[in-house]
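Please look over the sequence and the 3D structure shown below before reading on. The briefing that follows takes up some single residues, then the sheet and its helices, and then the spaces in the structure.

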Amino acid sequence: MQETQLPIVALVYDFDGTLSPRNMQEFGFIQAIGKDPDEFWQRNQRLSEDNDANSVLCYMYLMLKEAHTNNISLRRESFHHFGAQVELFDGVCQWFELINEYGRSLGFDIKHYINSSGLKEMIEGTSIANQFENIFACSYLYDVDGVAYWPAVAVDFTAKTQFLFKINKGINTVSDNRKINEFIPEEQRPVPFKHMIYFGDGDTDIPSMKMVKEHGGHAIAVYGNESKRATASRLIKENRADYACFADYRQGHEMHQLVTKILNKIKSDVELDRLRLKI
């Protein structure tokens, strides 16, 4: 007898400001090129504004340019080294197994995803990289010597929404532009939007939060300080997010309580759907 597949619930996270208190480039890389974070990001903003250019592509260009100027070889291993220095919010390292276990108790298969404008190669160097089903983030192309030389993927605020559809349809590759546009009936999609929980901290997450929310899922505005708290409050008032929550992922704290309650609601919705199908 074939085993019944457990319903999948996807927890989708932005990275910078959501799982980590600062932009990941600020943990090692910017110091290695002899800049301070404000200087680097101000320069990135000027480059973007002066050229009417995408700010994500601009920061990726600046990283390559500054690394070359300072004789830093940006191999994949270099990014992993910088990623290993990235700090995480309290409880993040224990969070995934904690939620996985709770999900199993409800009969769910919990899957975690990253949907970030940060660098995939740096996230791969963090201690939590193996917790994710997939990491959708910016990345580079590498030459024959293994050195980064050109952006392969640039993820801005609108690009983030396409990866939600990839999760929804069970597509694991960035390059697949065929299946993403194929018609797949809602009931055949591996991860319904109503089984998604999106975690984000700012304006770049607004389209994704809004889309998940409007499709019956849940959007959490995460904040790690008072400035971000004001942003989270605004997102609630503007109906962009469902909840605002402090970035403490330890067991028993507000984030843990909120997510377990959401999972309980999804469980109830699944059971009600099953009852409707019996009629």
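This is a predicted model: local features need pLDDT of at least 70, side-chain atom pairs count only at pLDDT 80 or more; totals for chains, interfaces and linings use all residues.

**Residues with a positive phi**

- In general, most residues other than glycine have a negative phi.
- Asp52, which is found in the loop between H2 and H3, has a positive phi of about 50° although it is not a glycine.
- Asp52 has a relative accessible area of 73%, and because this is over 50%, Asp52 counts as exposed.
- Gly216, the residue that follows helix H8, has a positive phi as well, near 95°.

**The sheet**

- Seven strands form an open sheet with mixed pairing, and their order is E4-E3-E2-E1-E5-E6-E7.
- Strand E4 (148-153) and strand E7 (243-246) stand at the edges with a single partner strand each, so one side of each has no neighbour in the sheet.
- From one strand to the next, the twist averages 25°.
- In general, the strands of a sheet pair through backbone hydrogen bonds, either parallel or antiparallel.
- E2 and strand E3 (residues 134-142) run parallel and are joined by four bridges, and Ile135 in E3 is the bridge partner of Ile114.

**Helices that pack on the sheet**

- Helix H5 (residues 92-105) packs on the sheet, where it touches strand E1 (8-13), E2 and strand E5 (196-200), and its direction makes about 145° with that of E2.
- Helix H7 (residues 159-169) lies across E1, E2, E3, E4 and E5, and it runs at about 160° to E2.
- Helix H8 (residues 206-214) has as its buried residues Ile206, Ser208, Met209, Met211 and Val212, and these pack against E2, H7, E5, strand E6 (218-223) and H9.

- Gly118 is found in strand E2, and with a relative accessibility of 1% it counts as buried, because the value is under 20%.
- Leaving aside neighbours within four places in sequence, Gly118 is in contact with Asp16, Met24, Tyr59, Ala137 and Cys138.
- Gly118 and Asn70 are 48 residues apart along the chain, and their C-alpha atoms are separated by 22 Å.
- His218 lies in strand E6, and at 6% relative accessibility it too counts as buried, because this is under 20%.
- Not counting residues up to four places away in sequence, His218 touches several residues, among them Met196, Ile197, Tyr198, Val212, Asp242 and Tyr243.

**The cavity**

- A search of the whole structure finds one cavity of 30 Å³ or more, and the largest cavity holds about 30 Å³ of space.
- Its lining is made up of Lys35, Phe40, Arg43, Leu62 and Glu66, and the elements that give two or more residues to this lining are helix H2 (37-51) and helix H3 (55-69).
- By class, the lining of the largest cavity has two nonpolar, no polar and three charged residues.

- The largest pocket contains about 740 Å³ of space, and of the 27 residues that line it, Asp16, Asn23, Ser117, Thr204 and Lys228 lie nearest its centre.
- At least two residues of the lining of the largest pocket come from each of H2, H3, strand E2 (109-119) and helix H9 (226-237).
- The lining of the largest pocket divides by class into six nonpolar, 14 polar and seven charged residues.
- The second largest pocket has a volume of about 610 Å³, and of the 19 residues that line it, Pro7, Glu187, Arg189, Pro192 and His195 lie nearest its centre.
- Helix H10 (residues 254-278) gives the most to the lining of the second largest pocket, with four residues.
- The lining of the second largest pocket has eight nonpolar, five polar and six charged residues.

Terms used:
Residues are numbered from 1 along each chain as its sequence is written. Side-chain values use heavy atoms; hydrogens and water are left out. On a 1 Å grid over the protein atoms alone, a cavity is a set of points where a 1.4 Å probe fits but cannot get out, and a pocket is an open set with protein on both sides within 12 Å along at least five of seven lines; lining residues have an atom within 4 Å of a point. Grid points are joined across faces, edges and corners, and a volume is the space filled by probe spheres set on the points. Ala, Val, Leu, Ile, Met, Phe, Trp, Tyr, Cys and Pro count as nonpolar, Asp, Glu, Lys and Arg as charged, and the others, Gly among them, as polar. Two strands pair if DSSP finds at least two bridges between them. Axes are lines fitted to C-alpha atoms, for helices over the stretch in contact, and angles run from 0 to 180 degrees between N-to-C directions. Contact means heavy atoms within 4.5 Å. Buried means under 20% relative accessible area, exposed over 50%, partly exposed in between (1.4 Å probe, protein chains only).
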